[in-house]
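The following exercises ask the reader to work from a model to a description of its parts. Each task is followed by a solution in steps.

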Amino acid sequence: MNNIYPYAGFWKRALAFVIDSFVLSIPVGLVLLALWVPQIMSIMKMAASGAEPSPEVMMGIMTRYFASMALTWLIAIVGGWLYYALLESGKHQATLGKRALRIKVTGSHGQRITFARATGRFFAKMISGMTLYFGFYMAGFTQKRQALHDIVADTFVVDKQAQEGPELPALPFSKGFCATGIIVAVAPIVMYIGMIILMIAAGVAAGMNEAEHPRPAAITQQVQP
């Protein structure tokens, strides 16, 4: 038995995620079309008629908007859960994206995981997302190339030729990838805060300039009777 199975690298996993996201976007997109095309057509017909919509009509449009968004969100969550949990606990232990990259999800001994564990792994991805996605970047530098949700679910992503056997020795910890992951995760927040500071500074500067150089008062002309 070959007990040496390499852990899958970050970029393989990232590309598999892109493929899976594209696959899942197809049914979600079809649902959006089915929900939104009738509404868009009714809005266009109303605009073409030139009639001003009543409050009741606007309320109906807003209600259908929020209902369609909630339904789309529900379909995305449930569809994603079933997609990942069923395929990663199935015969191939991999989603379509992972199969394309020839990687799969295993337990601590290379065994096929249960549907319950695959379910826990999927919802643990929410924790990885709440860390500014740093939990996903952990797959690039942890010694067993585990993302945060892998650690929570006690799973591993390995190359497809992996076979059951003892857990592999730890790989070297990648300090460079760790630093890169932190920078990539924090950079958007820093940029957002920087933009807010610049906008505030621009507003303060404009106010000070207005105070130093007030505009001349408008001259009003009196109309003689």
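A residue counts as buried when its relative accessible area is under 20%, as exposed when this area is over 50%, and as partly exposed in between. The model examined here is a predicted one.

**Exercise 1. Describe the protein chain as a whole: how many helices and strands does it have, and in what order do the elements run?**

Step 1. The protein chain contains 7 helices and 2 strands.

Step 2. Read from the N terminus, the order of the elements is α-α-α-β-α-α-α-β-α.

Step 3. The protein chain has 225 residues, of which 29% count as buried.

Step 4. Consider the contacts in the protein chain with a separation of 6 or more: 73% of them are between residues 24 or more positions apart.

**Exercise 2. Compare the span of helix 2 and of helix 4 with the expected value, and list the buried residues of each.**

Step 1. Helix 2 (residues 55-88) consists of 34 residues. From its first C-alpha to its last, helix 2 reaches 49 Å, which is close to the expected 50 Å.

Step 2. Helix 4, residues 115-130, consists of 16 residues and reaches 24 Å, close to the expected 22 Å.

Step 3. In helix 2, the buried residues are Ile61, Ser68, Thr72, Gly80, Tyr83, Tyr84, Ala85 and Glu88. These buried residues pack against helix 1 (10-49), helix 3 (96-100), strand 1 (103-106) and helix 4.

Step 4. In helix 4, the buried residues are Ala118, Thr119, Arg121, Phe122, Ala124, Lys125 and Ser128.

**Exercise 3. Determine how helix 2 is oriented to helix 4, and which residues make the contact.**

Step 1. The axes of helix 2 and helix 4 come within 8 Å and cross at roughly 135 degrees. This makes helix 2 oblique to helix 4.

Step 2. The crossing of helix 2 past helix 4 is right-handed.

Step 3. On the side of helix 2, the contact is made by Ile77, Gly80, Trp81, Tyr84, Ala85, Leu86 and Glu88. On the side of helix 4, the contact is made by Phe115, Ala118, Thr119, Arg121, Phe122, Phe123, Lys125 and Met126.

Step 4. Sorted by class, the contact of helix 2 with helix 4 comprises 10 nonpolar, 2 polar and 3 charged residues.

**Exercise 4. Determine how helix 1 and helix 2 are oriented to each other.**

Step 1. The axes of helix 1 and helix 2 are 10 Å apart, and the packing angle is about 165 degrees.

Step 2. An angle over 145 degrees counts as roughly antiparallel. Helix 1 and helix 2 are therefore roughly antiparallel to each other.

Step 3. Helix 1 and helix 2 cross in a right-handed manner. The contact between helix 1 and helix 2 has 18 nonpolar, 5 polar and 2 charged residues.

**Exercise 5. Locate Gly181 and state which residues it touches.**

Step 1. Gly181 is part of helix 7 (residues 175-212).

Step 2. Gly181 is buried, as its relative accessible area is 2%.

Step 3. Leaving aside residues up to four places away in sequence, Gly181 touches Phe134 and Tyr137.

Step 4. Leu132 follows helix 4 and has a positive phi, near 60 degrees. Between Gly181 and Leu132 the distance is 10.0 Å, C-alpha to C-alpha, and the two are 49 residues apart in sequence.

Technical notes: Residues numbered from 1 in each chain as written. Predicted model: local features only at pLDDT ≥ 70, side-chain atom pairs only at ≥ 80, totals over all residues. Heavy atoms only, no water. Helix = DSSP H or I, 4+ residues; strand = E, 2+ residues; numbered from the N terminus. Expected span 1.5 Å × (residues − 1). Buried < 20%, exposed > 50% of the residue type's maximum accessible area, 1.4 Å probe, protein only. Axes fitted to C-alpha atoms, helices over the stretch in contact; angles between N-to-C directions. Parallel < 35°, antiparallel > 145°, perpendicular 65-115°, else oblique. Left-handed = near helix turned anticlockwise from the far one by under 90°. Contact = heavy atoms within 4.5 Å. Nonpolar A, V, L, I, M, F, W, Y, C, P; charged D, E, K, R; others polar.
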